[in-house]
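This report is a guided walk through one protein model, written for a reader who is new to looking at structures. Please keep the sequence and the model in view while reading, and find each residue as it is named.

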Amino acid sequence: MTQTPGPSPLAVIIVQARMGSHRLPGKMMANLAGHPLIWHILQRACCVRPGLPVVLATTEHPRDLVLVQEAENLGIAVVRGSEDDVLGRFLQVLQIFPARWVVRICGDSPLFDPAFLNRCLTRAESEQADVVKFKGDQPSLFQGGEVVSARSLRFSRESAGGDPLATEHVTAWAMKNAPQYPEEIKTTWLDPVPDMMQGTKLSIDTPQDLENLRDLYSDLHDGQNIVDLEQAAAWIARKGWRS
């Protein structure tokens, strides 16, 4: 199922997800506070900037039909493509929604911060930038999402060949190589955010990761609203949770 787009949006929000994870197969449908993980991811994606199209980019494999159904139940568009070429799926989405910027969201990170992604998008728009980074490339709790330009993804396709940083990780090649191509990949920098600059892992890659997030959601999720990242950070600090 694909959604018929209206006028070209300035940005498109793309959620990448599949059921065939090597480390934790089927995790996208794992129960988290009464809903599958993909439900939480899509709900948060819709909060980045209301009005922007949200698209699930998944694979053509039959096992991913369950993700298609979850997205359709929420009225979210779906594009299906290669399981191995994730960047190719993003470029497919951009053929349907020819936006200037992409908000990329990973399906295994249920604590990505919609407000932060909107802030990154606003900065990219104001600076006409292709990638947005923290000064010093510091690790942070703002994980699971980023903003890049569509042209940086196309440049990655043209320049990176089969490098997994591009084909599998989509934005990583552009982020890494931006200093070498300042004309093609313009970078804009954000000031670090106090109390959020740490590398505690928030994605779900193992059974223990899933149990950690289940504990957090059990305490913080009210059944309706998304879990606030700052509240989650405070909870993690109280629990002494380290990954």
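## Enclosed spaces

The largest cavity in this predicted model holds about 50 Å³ of space.

The residues that line the largest cavity are W39, H40, Q43, R44, Y217, H221, Q224, N225, I226 and V227. Helix α1, which covers residues 37-45, gives the most to this lining, with four residues. Sorted by class, the lining of the largest cavity has four nonpolar, five polar and one charged residues. The second largest cavity is lined by F112, D113, F116, L117, F142, Q143 and G145, and by class its lining has four nonpolar, two polar and one charged residues.

## The largest pocket

The largest pocket has a volume of about 1,500 Å³. It is lined by 46 residues, of which Q16, R104, C106, D108 and H169 are the closest to its centre. The elements that give two or more residues to the lining of this pocket are the helices α3 (86-96), α4 (114-127) and α7 (172-177), together with the strands β6 (101-106), β7 (131-134) and β8 (145-149). By class, the lining of the largest pocket has 16 nonpolar, 16 polar and 14 charged residues.

## Cysteines without a disulfide

How many disulfides does the structure hold? The number is zero, and the positions of the sulfur atoms give the reason for C106: its sulfur is 14 Å from the closest cysteine sulfur, that of C120, which is too far for a bond, because a disulfide needs two cysteine sulfur atoms within 2.5 Å.

## Nonpolar cores

In soluble globular proteins, nonpolar side chains tend to be buried together. In this model, the largest nonpolar core has 54 residues, and the members that touch the most other members are I105, L111 and L216. Leaving aside residues up to four places away in sequence, L111 touches R44, L202, L213, L216, Y217, V227, L229 and A232. A second, separate core has 28 residues, including I14, V93, W173 and I185.

Although A11 and R100 are 89 residues apart in sequence, their C-alpha atoms are 5.7 Å apart in space. When residues up to four places away in sequence are not counted, A11 touches L52, P53, A99, W101 and L121.

W241 lies in the segment after helix α9, which covers residues 229-239, and this tryptophan is also buried, with a relative accessible area of 8%. The C-alpha atoms of W241 and N212 are separated by 8.3 Å, while the two residues are 29 residues apart along the chain. Again not counting residues up to four places away in sequence, W241 touches T200, K201, N212, L213, L216, W235 and I236. One of these partners, L216, is among the residues of the largest nonpolar core that touch the most other members.

Most residues other than glycine have a negative phi.

Where do A33 and Q128 lie? A33 is found in the loop between β2 (31-32) and β3 (35-36), and Q128 is found in the loop between α4 and β7. A33 is partly exposed, with a relative accessible area of 36%, and Q128, at 44% relative accessibility, counts as partly exposed too.

Note on methods. Residues are numbered from 1 along each chain as its sequence is written. This is a predicted model: local features need pLDDT of at least 70, side-chain atom pairs count only at pLDDT 80 or more; totals for chains, interfaces and linings use all residues. Side-chain values use heavy atoms; hydrogens and water are left out. On a 1 Å grid over the protein atoms alone, a cavity is a set of points where a 1.4 Å probe fits but cannot get out, and a pocket is an open set with protein on both sides within 12 Å along at least five of seven lines; lining residues have an atom within 4 Å of a point. Grid points are joined across faces, edges and corners, and a volume is the space filled by probe spheres set on the points. Ala, Val, Leu, Ile, Met, Phe, Trp, Tyr, Cys and Pro count as nonpolar, Asp, Glu, Lys and Arg as charged, and the others, Gly among them, as polar. A nonpolar core is a set of buried Ala, Val, Leu, Ile, Met, Phe, Trp, Tyr and Cys residues joined through side-chain atoms within 4.5 Å. Buried means under 20% relative accessible area, exposed over 50%, partly exposed in between (1.4 Å probe, protein chains only). Contact means heavy atoms within 4.5 Å.
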